[in-house]
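Here is a short briefing on one structure. Keep the sequence and the 3D view open as you read.

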Amino acid sequence: MPHIDNDVKLDFKDVLLRPKRSTLKSRSEVDLTRSFSFRNSKQMYTGIPIIAANMDTVGTFEMAKVLCKFSLFTAVHKHYSLEQWKEFASQNPDCLEHTASSVSGPKNADWMVLSQAGNVVTGEMVEELILSGADIIKVGIGPGSVCTTRKKTGVGYPQLSAVMECADAAHGLKGHIISDGGCSCPGDVAKAFGAGADFVMLGGMLAGHSESGGELIERNGKKYKLFYGMSSEMAMKKYAGGVAEYRASEGKTVEVPFKGAVEHTIRDILGGIRSTCTYVGAAKLKELSRRTTFIRVTQQVNPIFSDES
């Protein structure tokens, strides 16, 4: 018999972080670098734990070259050939520490993304995947800006609650999670870290840049770049010849205003998170979740001069 879970589940838009006493004098004092030791592979990683999503419009080699300079990570999409991977690796060996391969990439890569394993949103599935050998679990079903899974299937889970519950399950086993999807501004990234995410994966926030994939379009003197979900009709036509008759497209295609160099967006995101840490008194990113108290709200910002107006 169907069951209704009446416990309140929340998204990033439903909360704000409560400011707390802080001794930090400047956001420049905040250390966003984290070091991880992974449960199953025993590998180590040090860097700022923000990841460019493994979408062909975001997880590009061009993106990886820029993000690695900031010690950010790129999950490279799976549609590069082995030859393209070899060329990238030979020309950019310093980026490999901050770059994850997919099944199409070199088999001796330090990091691999198994997107076919699917994202999860429940503690029990996090535990099952960690016990099956995964180091880091991607959390999020349907929150992405170009994902239509919730509309097409009715399946999903509010992202903030998913991150909090899955982080608790993972950390109990000394595993780690990625909050994947749902961030539309630097404050959302900070909320994901505050909720316990070890890593935060970004798609739409990194779309539309010079280093992003996707066709550049010019119309009425304005420039746009295409951004689409990897389960969208466009992606399936591009890589699989179309949408198989047994399935539905679970992504959409949008035109994102062209934003120029991605480094400006990265600086904005990192500056926002540093400010979050100063507001709550966290000298290091690792301390942010311990200093986080969320307040439920009905409105995030004053809408009078909104970006859309």
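Not counting residues up to four places away in sequence, Arg150 touches Asp11, Ile141, Gly142, Pro143, Val155, Gly156, Tyr157 and Pro158; contact means heavy atoms within 4.5 Å. This is a predicted model: local features need pLDDT of at least 70, side-chain atom pairs count only at pLDDT 80 or more, and totals for chains, interfaces and linings use all residues. Residues are numbered from 1 along each chain as its sequence is written, and side-chain values use heavy atoms, with hydrogens and water left out.

**Annotated site**
- The UniProt annotation "binding site", from an unreviewed entry, covers Gly142, Gly144, Cys147 and Arg150. UniProt positions follow the numbering used here, feature names are shortened, and annotations may be inferred rather than shown by experiment.
- Arg150 lies in helix 4. Helices (H or I, at least four residues) and strands (E, at least two) are DSSP runs, numbered from the N terminus.
- Arg150 counts as partly exposed, at 29% relative accessibility. Buried means under 20% relative accessible area, exposed over 50%, and partly exposed in between (1.4 Å probe, protein chains only).
- Gly142 lies in the loop between strand 7 and helix 4 (149-153).
- Gly142 is buried, with a relative accessible area of 14%.

**Helix 5**
- Buried residues in helix 5 include Leu160, Val163 and Cys166.
- Cover for the buried residues of helix 5 includes strand 1 (15-17), helix 3 (123-131) and strand 8 (176-180).
- Just after helix 5, Lys174 takes a positive phi of about 65°.
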